Amino acid sequence: MDKKILVIDDEQPTLNMFRLLLGAYGYETLTAANGAEGVEIFERERPGIVLTDIKMPVMDGIEALRRIKDLAPHAEVIVITGHGDMELAIRALNLDATDFLNKPVQRQGLSQALSRAEERLAIARTHKQEIAVVEEDEAVALILRGSVTARSEPFLTRAMAVARALGKAEIVLDFDENASINGAGLAFLTSLLQEARDNGDAVCIRGLSENFRKVFEVVGISRLVEPCRMQTPG
Amino acid sequence: MSPVRRALARYESLSLKNKIFLSILGVVLGISVAIAFLARYILVSSLTAELELRGSAIAHSVAERGGAYVLDKNSPMLLSLIFDEARLHERKNLIAYIFVTDQDGLVLAHTMTRAFPAELRQANVLEPGESRSVRLVNVEQDSIHDIAVPMNEGLYRIGSVHVGLSKSHIDSLIATLRLTFLGFISAIILITFYLSDRLTRHIIRPLSKLTRISDELSRGNFDISLDMQEEDERWRPMDCPAYADTEMPCWHFDQSARQAVGHRTCESCVFYRKRQGDEVVQLGDSFRNMVWSIKLYRRRLRESEEKYRSLFDSGPDPVFVVDCTDFAIKDANPRALELYGYEKHELLGKSYLSLGPENRDDCLLSFAGEDAPGAGDESLAAAAGCLYHPKVLHYKKGQRPFYVNVHACSISYRGRHAIIISVTDITEMIEKDAQLIQAGKMKSLGEMSAGIAHELNQPLNAIKMGSEFLALLDEQGRAVSAESYRQVVREISGQVDRAAEIINTLRAFGRKAEIFKERVDVNHPVTSVLTIVRRQFELDNIRFRLELGENLPPVLAHDNRLQQVFFNLLTNARDAINERSQPTDMGAPRLITIETCAGGGFVVVSVSDTGVGLDEGVRDKIFEPFFTTKETGQGMGLGLAISYGIVRDYGGEIRIESALGRGARISLIFPQAA
């Protein structure tokens, strides 16, 4: 089955190259030259994943993101940013973009983003919103997978309470590779971690894709929590 | 030439002294001689008459007393009578003889000691009826007045008495008179000589002195002493303050003849004086005054000449004097020699046009046309204005170019029409200008940088993705379809070209302009700038409408400077549009129109926008440096000022049509390259 993917970019050469590359990954590529066209095609074709450039005439990527999310809140929208433009990425995340890609697009980054998006789609389909709490020797791990959004908040709060009740030395926030934290997610994570610090809990972070590690740095979460020193097996 | 004319000519050429002498002498002599002759005549005639009277008296007396003797024929008595008469006292000298004749003419008695000359008897015959007869006779080389008187007895004549008076008496009297007169005249001559000599000396000496002095003065020697009559210690002209200080006016000297309401002098003038005296003294005084006026004038003139010579020689600006007819350089001051690097002898006679061949020759020629030969002095006075040509290209020695401002005025130089040209070296100013433009350009480059980064990122991304595709397939061991392969290769190549173009435009933009202008098709800088900014503007939802003319004639300019101007206009247009509406306003007009066309010897580039517009007050000031309608910190206000300067450099002008709320249209009008 050819998965459908929508690419929105005003540069024709970029669209051409995307078509080739995504075709090599097994996708049927739909293209649009601006946001308005993109929204229109999305509405018609309902692809699972959308790759969109931000700076476009007529309607830019941010507006398109908003519209698409209105149409399908669970749609995977990955924004393509200029090299190192974290501000734009975070702005997109605040609007529920699920990931971001840097230009010039590398195949590794692209394939990882695609696979993460697929996983999240799968998780969303199976409605597995819960956050697993796993006990380990010295610590208790909270496994976070897929999209971490506002909806995740009650689950995470409950999981935290559970973890605290276990009374282990450390609480580990174990992010899956496919974890995508949107703006809301970042916000409540920040407050959660602050609360934990005030409480005196020892919290560390494990996993997380490169992209989101950068996001945590920019957003300031990295200051509140450290990466875990030890790797858990598995 | 007739002898009279010759004599007159000789007379004319005599010196004054001799003239006066001769004239006086002539007159005096003439008068004296006339008087002499007159006197002589009067004397002689009266003396002669007197003598005759005496003679006849004697004769009558003899006739009375001798009548009886004659009748008696008493000769001895008659003889003694006439002898007594003849010898009586002083008559001895006077009477030469007395003789008596009868009526037949026979001599009855005579007093002559010698024989009686026969001719004497008939020499003076007394006619009957005559009472007296006087005749001059010659007796033995003596001239004698013979006076014959009849001897009458009653009514009958019995004889005649002849008394001979010697003229010698009269002659000696006359001789004495003559001698006296001669002596008198000689004395007169001497006195005249002396007098005329004294007189002429009195006149001649000052005159010849004046002549000598005038000769010296005419040879330019003003330092000789001016003593005329006598030493005058009270006269010290060096004390006059106006002489020493040429700035001070001298009342006497500086009177304008027309303003002579009343001749004024200082109260105690040291200089000019008029003494009482005769005309010669006054001539001397006036001459002295005149010479001192000349000295004063010369002194002022020399000071003025020195002043202006030093202005010319030491003037800080290079100055040329150029002949109007053939544009040969007649003079150049040291600063000009220094600036152009020539020696004086190389520059004189050289054509001025050779210093600036790209200089608009028509300017000098049109100048010359105003005072062309035959134009007369009135047109020269009318054209005595000046021409000013800024930023003209001149060449130093060795054909090194540099920029100057030329200021040319017409003058009269040694009687010929000439132009005096002052040249100001503005190389430094031009360099500063160029630096300013460069700084503006750097600022523009800074503004462009975001857009450039974005523009370069696009081709790089496409190239990367294409090569990633190939690498992926290679990794997976899959074959690339021919179609895909072709697509990738073509795309990579195309994108590299695109990136190269952007980089080239950038590099050209940043380059400093050459000193020489080039022929530029204005469409080229327009499209170059658009390459860089178009996408960025379109991202801001600003659309372009291009109406570029085809086959536009070139203009003389620099390509990258025109790019700078167009970039400036486009950013201003974008800012104006953004003031009026937001990029997200869907319905708002956000359009920039660029038109290029040619006509009437000009090439026109217009940039129109649908922005916020400019009102009247702002429109005039918009080109002023540091004037901006933007908020503080948003711009220095130099962009349009620099653009204005660049357009003016190329001989063009900028026009604005705008109204508040109705956008703006800025037109750049350039002259076509020749």
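1. Let's start with a bridge in chain B of this predicted model: B:Ser133 has B:Ala148, in strand 4 of chain B, as its bridge partner. Strand 3 of chain B and strand 4 (residues 142-153) of chain B run antiparallel to each other where they pair, and seven bridges join them.

2. Stepping back to the whole sheet: chain B has an open sheet of five strands, in the order 2-1-5-4-3, and the pairing is antiparallel. Which strands form its edges? They are strand 2 (107-110) and strand 3 (133-139) of chain B, each of which pairs on one side only. With direction ignored, neighbouring strands of the sheet are turned by 25° against each other on average.

3. You will also want to look at what lies over these strands. Helix 2 (residues 16-72) of chain B lies across strand 1 (95-102), strand 2, strand 3, strand 4 and strand 5 (156-166) of chain B. Its direction is at about 45° to strand 4 of chain B.

4. Now for chain A, where helix 2 (residues 35-45) has the buried residues A:Gly35, A:Gly38, A:Val39 and A:Phe42. Why do they sit on the same side of helix 2 of chain A? Because the arc they cover around the axis is only 100°. Their cover includes strand 1 (3-8), strand 2 (27-32), strand 3 (49-53) and helix 3 (61-71) of chain A.

5. The other face of helix 2 of chain A, turned away from the buried side, carries the exposed residues A:Arg44 and A:Glu45. After this helix comes A:Arg46, which has a positive phi, near 45°.

6. A helix pair in chain A is worth a look too. Helix 4 (residues 86-94) of chain A packs against helix 8 (residues 210-219) of chain A at an angle of about 95°, and their axes are 10 Å apart. The two helices are therefore roughly perpendicular. Helix 4 of chain A brings A:Met86, A:Ala89, A:Ile90 and A:Leu93 to the contact, while helix 8 of chain A brings A:Lys214, A:Val215, A:Val218 and A:Val219. By class, seven of the contact residues are nonpolar, none is polar and one is charged.

7. Finally, the interface between the chains. How many residues of each chain are in contact with the other? There are 18 from chain A and 22 from chain B. On the chain A side, helix 1 (residues 12-24) of chain A gives the largest share, eight residues. That side of chain A holds nine nonpolar, five polar and four charged residues.

Note on methods: Residues are numbered from 1 along each chain as its sequence is written. Chains are lettered from A and ligands numbered from 1 in the order in which they are written. This is a predicted model: local features need pLDDT of at least 70, side-chain atom pairs count only at pLDDT 80 or more; totals for chains, interfaces and linings use all residues. Two residues are in contact if their C-beta atoms, placed from the backbone, lie within 7 Å. Helices (H or I, at least four residues) and strands (E, at least two) are DSSP runs, numbered from the N terminus. Ala, Val, Leu, Ile, Met, Phe, Trp, Tyr, Cys and Pro count as nonpolar, Asp, Glu, Lys and Arg as charged, and the others, Gly among them, as polar. A residue is buried if 20 or more other C-beta atoms lie within 10 Å of its own, exposed if 12 or fewer, and partly exposed in between; C-beta atoms are placed from the backbone. The arc is that of the directions from the helix axis to the C-beta atoms. Two strands pair if DSSP finds at least two bridges between them. Axes are lines fitted to C-alpha atoms, for helices over the stretch in contact, and angles run from 0 to 180 degrees between N-to-C directions. Angles under 35 degrees count as roughly parallel, over 145 as roughly antiparallel, 65 to 115 as roughly perpendicular and the rest as oblique.
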